[in-house]
Structures are given as C-alpha cells and as structure tokens.
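Have it open next to you while you go through the points.

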Amino acid sequence: MTARTPDSARDIPEATVARLPVYLRALTSLADDGTTTCSSEELAASAGVNSAKLRKDLSYLGSYGTRGVGYDVEYLRYQIAREIGVTQDWPVVIVGIGNLGHALANYSGFRSRGFRVVALLDADPDRHDEVVAGLDVRSFEDLESIVADNAVSIGVIATPAVAAQSVADRMVAAGITSILNFAPTVLSVPDGVDVRKVDLSIELQILAYHEQRKSVAPGTEVVS
C-alpha cells in the first residue's frame with residue numbers, strides 16, 4: 001500500500017508512511033525545546049533512525065533541507081503534518097469503554113495530534129450513565145447517527161475479540177473507512193477500508209523473546 005503526496009504523482013512506500021509520524025513527533029519535541037533548525041543527523045537521532053534512511057524518506061516529500069544549514073524545524077513539521085493529514089481536525093469514535101476504552105478516551109495526545117474524540121459507545125446499558133473525559137457513554141445503537149452527524153471516518157475498536165468483527169461490520173456500513181483495532185483478533189473488511197492493529201500482548205511476547213535470548217549463554221540452544 002502506498003500514499004500519494006498532494007503536489008505530485010510520486011508514491012510514498014508504506015514503510016516511509018509509518019515513519020513520518022515518528023519524524024513529526026521528533027520535530028515537535030525539537031520545536032518545543034526552542035530548536036529552529038536541525039541537521040539530518042540530529043533529526044535522525046531524535047527519531048531513532050539512521051540519517052540515510054531519514055533523508056531517503058524525506059526525499060519523497062520534496063526538498064526541504066538546505067545544504068550546510070539543515071532543516072527548518074517548523075516548516076518541515078508543517079509539511080509532514082500536511083502530508084499525513086493532521087493539519088485538519090479528524091473526528092473519531094471509540095467503541096468499547098472498558099478499561100482500555102477509558103484509557104484511550106482520556107489520552108490527551110489525540111487532540112494535540114489532530115484527532116477529536118466525538119463519541120464513546122458501548123453495548124452495555126450499565127455503562128450508559130458514565131461520563132468519561134467529559135463525554136457521555138452512549139449506546140452502540142447510536143453509531144450510525146453519530147457517524148453521519150459528525151462526518152466520522154475513523155473508528156477505534158476496544159471491545160473484546162468476540163465482538164470486534166460485528167463492530168467493524170457496523171462501522172463500515174455506517175461509512176467509517178479507517179479502523180484502529182485494539183481487539184486481539186484479525187478483522188475482515190472490504191477493499192477501501194484501512195485497518196491498523198495494535199496488540200499489546202504480542203508486543204510483550206516479542207520483548208519476552210528478546211529477554212529469553214539475553215539470558216541464554218552464547219552457543220546454547222533454547223529448548224522448549
């Protein structure tokens with residue numbers, strides 16, 4: 001999958017698209033520290049990548065650096081934000097207001113990065129009297145009207161795995177075309193709908209693998 005720049009027909013590889021938000025975060029941190037210009041090496045170090053990869057990634061956006069000077073932090077930050085679409089306000093709906101849903105609703109980083117949570121939905125009637133992050137928890141049956149009234153195109157699923165596919169189906173039918181899935185299951189969606197999966201348990205298992213490797217003496221085979 002590739003993305004297109006607004007001003008050219010060049011395609012941006014998906015791996016580069018995945019790194020652009022990392023560069024944006026690094027640039028924001030540099031700007032907050034009062035840095036006005038930075039070299040590719042400085043920006044790469046802040047982003048945790050090598051400078052050659054960073055320069056290659058930024059070349060897909062255009063030429064924003066000056067030889068001997070580096071990058072204008074604010075200008076490059078704006079260009080990356082524009083490229084990934086966060087110079088506008090994106091309304092988001094979260095479905096599943098358990099512990100994870102509560103945490104996501106209270107996450108201040110959404111607003112500062114261009115995402116506005118407009119509704120919290122849950123199928124459990126006992127949750128409908130709750131107020132989380134200043135929003136009333138509403139019935140999942142309100143999904144279609146909320147999507148239509150707020151022009152929502154991004155949905156977040158924080159339900160148990162058993163409910164995730166049916167929630168995704170309803171989201172797609174309502175007009176949502178991008179889904180962030182925290183449920184530990186693989187979703188089936190039609191063409192034209194993008195899904196990003198976040199599975200915290202898998203990330204922990206990957207870390208456990210590396211920890212196990214560290215604890216084994218060199219040359220020793222790990223036996224299950």
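1. A word on what we're looking at. This is a predicted model, where local features need pLDDT of at least 70, side-chain atom pairs count only at pLDDT 80 or more, and totals for chains, interfaces and linings use all residues. Residues are numbered from 1 along each chain as its sequence is written, and side-chain values use heavy atoms, with hydrogens and water left out.

2. Overall make-up: the protein chain has 9 helices and 12 strands, counted as DSSP runs numbered from the N terminus (helices are H or I, at least four residues; strands are E, at least two). Its C-alpha atoms fill a box of roughly 60 × 55 × 35 Å along the principal axes. Of the 224 residues, 34% count as buried, meaning under 20% relative accessible area with a 1.4 Å probe, protein chains only.

3. The chain splits into domain 1 (14-84) and domain 2 (90-202), with bounds from an automatic or database domain assignment. Taken over C-alpha atoms, the two domain centres are 31 Å apart.

4. UniProt, in an unreviewed entry, puts a "DNA-binding region" at residues 22-61; such annotations may be inferred rather than shown by experiment. In the model, that span is 70% helix and 5% strand, and its end C-alpha atoms lie 15 Å apart.

5. Three strands make an open sheet in the order β3-β5-β4, with antiparallel pairing. β3 (37-38) and β4 (65-66) are at the edges with a single partner strand each, so one side of each has no neighbour in the sheet. Strands count as paired if DSSP finds at least two bridges between them; β3 and β5 (residues 70-72) have 2. Cys38 has Tyr71 in β5 as its bridge partner.

6. Is Ser40 buried or exposed? Ser40, in helix α2 (residues 40-47), is buried, at 9% relative accessible area. Its side chain makes a polar contact of 3.3 Å with that of Glu41 (N or O atoms within 3.5 Å, within protein one able to donate a hydrogen and the other to accept it; residues adjacent in sequence count only if both atoms are side-chain atoms). Leaving aside neighbours within four places in sequence, Ser40 is in contact (heavy atoms within 4.5 Å) with Ser51, Leu54, Arg55 and Tyr71.

Notes:
Buried means under 20% relative accessible area, exposed over 50%, partly exposed in between (1.4 Å probe, protein chains only).
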